[in-house]
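Please walk me through this structure. Start with the aromatic rings, then move on to a helix.

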Amino acid sequence: MEKTIKATPLLAQHEKEHAKLIPFAGWQMPLEYRGILEEHRSVRRAKGLFDLSHMGEIEVTGPGAGAWLDRFITNKLEALKPGQALYTVICREDGGILDDLVVYRLDGKFMLVVNAANTRKIIEWLEAHKTPEASFRDRTEEIALLAVQGPEAQAFLQPFSSIPLDSIGYYHGAEGKVAECPALVSRTGYTGEDGFELYVEAARAPRVWEALRAREIPPVGLGARDTLRLEAAYLLYGNDMDETTTPLEVGLSWVVKLEKDDFVGKKVLEDQKRAGLRRKLVAFAMQDRSVPRKGYKLHIEGKFAGQVTSGSYSPTLEKGIGLALVETGALEVPVKEGTGIQVEIRGEPHPAVVCKKPFVQGSVKRGT
Amino acid sequence: MVPENLLYTKEHEWVKLEDSKARVGVTQHAQEQLGDVVFVELPKKGAEVKQMAPCGVIESVKAVSELYSPLSGTVLEVNPGLADHPEKVNQDPYGDGWMFVLEVKDSKEVEHLLPPANYRELVGVTP
């Protein structure tokens, strides 16, 4: 078990900016700089710069790498073109989710980008399932990850980028230079806005950060990263999904390709699909001024219905919003958009309503 | 910033004694620690509050914090502006961000409050 806290290559920069630092998944990370609300609004309206170097990067090589990875990921790797990225989950045999991740097909290799808290777990899983056909390496400490997100992200980043950014489609990446440093630039993100994630060598990260900051892009911490992703109804591992939930239950059936050859968890997922789901992740918004939080209980028509998995204040909608795992199998009423629910907050019921995802539609360029 | 004309609690509330009444809020240090305040749950008018017992809740984006009453008594007034503008707690914690006014039950309880110098020491502020 990791006992010491790790620093990203940009810790000195965060300290210079007087960021409020917090330990997160074993890393010292910036929670906020000027305030979560202001940082959130910067990204929704214009742009923001994130340090995401705590994320894990695992490089997979070898002649059988693709086929090997396809045995674990639920999504289909084979059709991926060079430079293309894929969002997927890896499941256990019982269908429980080990992690959600992005897989990049790069030149002669694959790169898995996993949650910081699950890096060790996924490395151990790969180790337990290894094959002579593929090798893998944890490159987390060598690779820094910065993100530029917001409707103005492309316009802001283009002067720094050797790659014409409009040639990079959604969930695609290209290798080139940013601020004269070699980088993998992908049009991906976790905010619901258009934007890019920049993978650079750890030692060069401060240079890239400072070059971008010098042109006045506001730094944004993990606090606003969470409110942004929640408004976009993106899931957070450890909250909205974990080893006790299957991808079908949390609305990720779109990353589960049951027509694939066998992959870990396939049988259980097929059985679950056939039998019907007994739990479902729903989005809801409060109808008063209260704020739902993880763990708060829900009731529907007087009956216990489940728990909040993620909850916060939405700076855009100016009310509390959340995701909840609802025990639909135990309820008599259908749970759909418009269904009223009561969220128990400090012993009192507060009214909320099931709503559509996302809560806020940002500038993310899907389908390009 | 720790005004001289107020008294303080170790839970970062401030108290302004106004004859038999006391006006209550949270300090500059508190609002900095909390971050952006998005919701404040205040005791109701007429409610009985007890010294250092939780009497409300302050919600910031990331967390829920208890509000403690610095003195025992009856709540006379509650700041109506905070329902629509909870950010006043961040912007003006000693002014517009005031939370409630209570009728002091036992003035001897004032001895348990921290004078400005002691509070400054608690939060590590140089005068």
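Does A:Phe160 count as buried or exposed? The model is a predicted one. In it, A:Phe160 has a relative accessibility of 17%. Buried means under 20%, so A:Phe160 counts as buried. A:Phe156 is buried as well, at 10%.

Now turn to ring pairs. A pair of aromatic rings is described by the distance of the centres and the angle of the planes. Over all chains, the count comes to ten aromatic pairs. One of them joins A:Phe72 and A:Trp125. Their ring centres are 6.2 Å apart and their planes stand at 75°, so this pair is edge-to-face. A:Phe72 sits in the loop between helix H3 (65-70) and strand S6 (85-91) of chain A. A:Trp125 belongs to helix H4 (residues 119-128) of chain A. The pair therefore ties together parts that are 53 residues apart in sequence. Both A:Phe72 and A:Trp125 are buried.

A:Phe156 and A:Phe160 also pair. Their rings are tilted, with 5.5 Å from centre to centre and 40° between the planes. Elsewhere, ring pairs link A:Trp68, A:Phe72, A:Trp125 and A:Phe136 into a cluster.

Chain B comes next. The charged end of B:Arg23 sits over the ring of B:Trp98, 4.6 Å from the ring centre. Helix H3 (residues 116-123) of chain B has buried residues B:Pro116, B:Tyr119, B:Arg120 and B:Val123. They cover an arc of only 105° around the axis, so they lie on the same side of H3(B). Their cover includes strand S1 (7-8) and helix H1 (28-34) of chain B. After H3(B) comes B:Gly124, with a positive phi near 70°.

Note on methods
Residues are numbered from 1 along each chain as its sequence is written. Chains are lettered from A and ligands numbered from 1 in the order in which they are written. This is a predicted model: local features need pLDDT of at least 70, side-chain atom pairs count only at pLDDT 80 or more; totals for chains, interfaces and linings use all residues. Side-chain values use heavy atoms; hydrogens and water are left out. Rings of Phe, Tyr and Trp (its six-membered ring) pair if their centres lie within 6.5 Å; planes under 30 degrees apart count as stacked, over 60 as edge-to-face and the rest as tilted. Helices (H or I, at least four residues) and strands (E, at least two) are DSSP runs, numbered from the N terminus. Buried means under 20% relative accessible area, exposed over 50%, partly exposed in between (1.4 Å probe, protein chains only). A charge sits over a ring if NZ of Lys or CZ of Arg is within 6 Å of the ring centre and within 35 degrees of the ring normal. The arc is that of the directions from the helix axis to the C-beta atoms. Contact means heavy atoms within 4.5 Å.
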